[in-house]
Amino acid sequence: MLAWTIYLSFLGALAARLAPSKQFARIVALLTALAGLGLSIAALVRWQPGALVTVAQVPWIPQVGISYHLAADGISLTLLLLTGIAATSGILFSWNIEQRTQEFFAFYLVLIGGVYGVFLSFDLFLLFVFYEIAIIPKYFLIAIWGSVPRGATREKAGSQREYAAMKLALYSFAGSALVLAGMVAAWTVSGGRSLSFEFLARYPFPAHFQMWAFPMVFVGFAVLAGMWPFHTWAPTGHAAAPTAASMLLAGVVMKLGAYGCLRVAMMLFPAGLGPWGFHVLGFGSWRDVFAVLAVIGIVYGASVALVQRDFKFVIGYSSVSHMGFVLLGLMTLTQIGLDGAVLQMFSHGVIAGLLFAVVGRMVYDRTHTRDLNELGPMRLAQVIPFAAVTFILAGMASIGLPGFSGFIAEFQILIGTWRALPWMVPVAGIGILIGIAFTWRALTKVFFGEAAAGAQEHPLPPITLAEKCGAVLLLATTLVVGLYPRILIDLILPALNSPLFEGLRKGAWR
Amino acid sequence: MITFLTLLPIVGALLILALRGSRAVARGLAAFFGLSALVGTILLWIGFNPGTPGMQFEEWHAWVPSLGISYHVGVDGLGVLMLVLSAMVVMMSLAASWANAKLGPVYYALVLFLEAGLFGTFTALNFVHWFVFWELSLIPAFFLIRLWGGPGRARASTQFFLYTMVGSVALLLAFLALFLATGRFDFVDLARLAQSGQLTPALANLHWVSNPGQLAMLLFWAAFLGFAVKTPVVPFHTWLPAAYAEAPSETTMLLTGAMSKMGVYGFLRILLPIFPQQMRQAMTPLLWLAVATIVLPAFAAWVQKDLKRTFAYSSINHLGYCVLGVCVAAKFTGTDPRLAAEKAAALTGVLLQVFSHALTAGALFWFIALIERRSGGLRGIDDFGGLRKVVPVLSGLMGIAIFASLGLPGLNGFPGEFLIFKGSFPLVPWATAVAVLGLLMTAVFLLAVIQKVFSGPVNGRWEAMADLTTTERWALAPVIALMFVIGLYPQLITGMVHGTVMQWIAGVGAGVRF
């Protein structure tokens, strides 16, 4: 059944492209996304705790051991659910797209299908194929429907979109190249029999091979997860993308990278995390290196967000900071830290989606400016109170206030960090504080700015029903997970304890 | 019962927001729910059995078992006192805002949210559960200042928010380390571990810890920071004068009356039971901080020109006595029963002072709200003069509140401060002696306020100032009456908390000398 999330998305893309009217395309897209969400929820409900559900297994190129193998464990299910939620709300927030509507939704659904495919793939080659499929529509979504700051001329606007789209595509392809090289190497070293995860996870790769294959594949995926210093595509890409695409980029596509880091790099090459046996500049293993890059990302992303004037860039850099927590959680190599990392993937997907929805759809589409100083005097809290309340709640979730999903995720990551990398706890704490500062700065500047004397309140179009539904869906998700995190923790923990991760547990687990 | 009590204001707030009615409807609903909450807390107070040790009205549900998080509420003497106090201060603030036309439905909804946050903070016994309310109470407070405050509100509210957050993050990180070492988040469990001397050794469970005592000390200071910002303790107080002065006076009543008590509550519920050994080790710097908190703000209050700032600094000074009392209670006294009795006196004094400060400070800012409404927002000390002759009832009642704040025997301020000094002197003579200087300065600046505002020649501008209306008099009457009741019959409160205090002393008394 779960395989239909992929097929339906691609079929929906075709249907949306061929749709006779714009409204028809929208409805087709919404129904497709809802069907995907429904299938994910159904799978979640029927899931046996701890099970690895094989969805499909068909030989594809048997000569080289590649099969069409789809399967889902608790981690995949968590991210499938996220994809369903993000896709549905993204469509609700792009209801107002009038330019080439049919094509927009077609590209959008192809992207969704690729993402579902990555999370369901249980064959390395298949995962790579879906990963590449997801990159193409991203390029077109930004290049054609992207948003640009006010004042840009038509040509300049076009070139800015092109720049952001091209940057994103190039970074993605560079990362993919590293992953491809790692995949080919793994295939060769393991005797060229199979690329199935079940086979590769059990295959005893020599330690010296893992030592160079691990960082290569990890970096390849981490580029897409926004790891510092390979993060620069993220803020420009997020800012230039149309709202729904920013929501998907930050919400889901960055998770593809983090998921790859965990599912491929860490699961297949766990020995690569072990000590080198010597120290360079105080670093004793790849784990030290990536953990330091993760906390740099947390603090750097937050600090840069603190001084941005462009509302979308604030949120763009905040994604870099929050994804740093995911990478930090992965590098703790503790059960609680990894659990927190997966939960943070989910939580950030929902919260970033919400933040971009407010910035891109509710505010920018109405005011046509993203400049914090221009938005302040518009008294948006009075004019569009729904947007203000949504952003306040999303901001509270984003800074990790308890009761929202971000808290329980960062909470577990920090416990894991205390256990494994204690000297990074204060740095991460400072990152959290800067995060609070930039979120509150943006909140007060945009929604509670001081109106100039005699300023008129500009009437803006009211918030539509579609926007309200999307916002409520995302807010409810972050609150439910925040208040009752067992829904997801009970999925993730058994998956981490499954035989697939045995190498990681045996090797460097603390 | 407690869950119901916490949900009550939330329901009220949501109802106000959902109905989108006029100010009068919102105000009526807020008063109804505030009053119901007050009645509920008083019923809890009556049902509370002071003779039984430990927590009462407990509720426990598993929440996230894999992370040691549970839904655990309960009250002891401290908790029940705090509940009544918060409900009382919220009612006072609602009464004060009755005639302030600027405050709309959203204001009342936020006040009720704040009340729910206070109730949750004062009843939750699992760290994570408690932290939810500790943090969430900050959001309504921020918006109360940000949306209805004076000209400097943007800066004041952001400063308030960020300062508190720094403390909260430090507190959170400290508790995560404690959880990692012990597997527990429950305050009662952690206190039991600490008092049997197992907490510090348990920190060695963290494989990288070479000196658990050092780490315990670090965690203590991190947790201390959280409460020191909130109470506040000098030098972490700099957010307070601006926040209190810029907030509308009705909100300042909530900030000083109830929210500042969250800090003192943290000292009593968390620092004293969970870190008694660390408090003992750090006794000297803690005492210096307590003395600084008592003395310096008293001098600062003297030179302020704004009544609200004067009373804001005075508020820091009064809570300094509480910090002193808590520190004294951690002092090592061996098996000497007389010294243990002094510690009990100091702690009882702290609880009395907490309640009495809520009452007095709440009343003082209420009077300032009344004066502001009559003077068109003016509240400088030098703006007035001779009000005694123009508005005798207002001056008389406010005079009572000022004298209560000053610690005049017979009024509510006296028994608490007296017990704190009585208990502290035999244990830490030098600190208590220096703290007396603060007491002296309090008298100086409060009398200066009386002199400049109420006596002297009548300032011609205010010759037509209206005295208190009948409604205002009736609203204030119970507050003034309560000041006398507690001043003359402090057993009303001491009787309630005696069992809890004795339990603390017994728990903290164990342990080793440093």
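How many residues does the contact take from chain B and from chain A? The legends below treat this and other views of a predicted model, in which local features need pLDDT of at least 70, side-chain atom pairs count only at pLDDT 80 or more, and totals for chains, interfaces and linings use all residues. Residues are numbered from 1 along each chain as its sequence is written, chains are lettered from A and ligands numbered from 1 in the order in which they are written, and side-chain values use heavy atoms, with hydrogens and water left out.

**View 1. The interface of chain B and chain A.** The contact (heavy atoms within 4.5 Å) takes 32 residues from chain B and 34 residues from chain A. The two chains bury about 3,000 Å² between them, with 82% of this on carbon and sulfur atoms; buried area is the accessible area (1.4 Å probe) that two parts lose on being put together, summed over both.

**View 2. The side of chain B that touches chain A.** At least two residues each come from β1 (56-64), α5 (127-136), α6 (138-148) and α7 (153-182) of chain B; helices (H or I, at least four residues) and strands (E, at least two) are DSSP runs, numbered from the N terminus. Helix α7(B) gives the most, with 12 residues. By class, this side holds 27 nonpolar, two polar and three charged residues (Ala, Val, Leu, Ile, Met, Phe, Trp, Tyr, Cys and Pro count as nonpolar, Asp, Glu, Lys and Arg as charged, and the others, Gly among them, as polar).

**View 3. Helices α3 and α20 of chain A.** The axes of α3 (residues 74-93) and α20 (residues 486-496) of chain A come within 7 Å and cross at roughly 145°; axes are lines fitted to C-alpha atoms, for helices over the stretch in contact, and angles run from 0 to 180 degrees between N-to-C directions. Gly74(A), Ile75(A), Leu77(A), Thr78(A) and Leu81(A) of α3(A) meet Leu488(A), Leu491(A), Ile492(A), Ala495(A) and Leu496(A) of α20(A). Eight of these residues are nonpolar, two polar and none charged.

**View 4. The salt bridge of Arg309(A) with Asp371(A).** The closest N and O atoms of this pair are 2.4 Å apart. Arg309(A) lies in the loop between α11 (286-306) and α12 (311-332) of chain A, and Asp371(A) in the loop between α13 (335-367) and α14 (372-375) of chain A, so the pair ties together parts 62 residues apart in sequence.

Terms used
A salt bridge is a side-chain nitrogen of Lys or Arg within 4 Å of a carboxyl oxygen of Asp or Glu.
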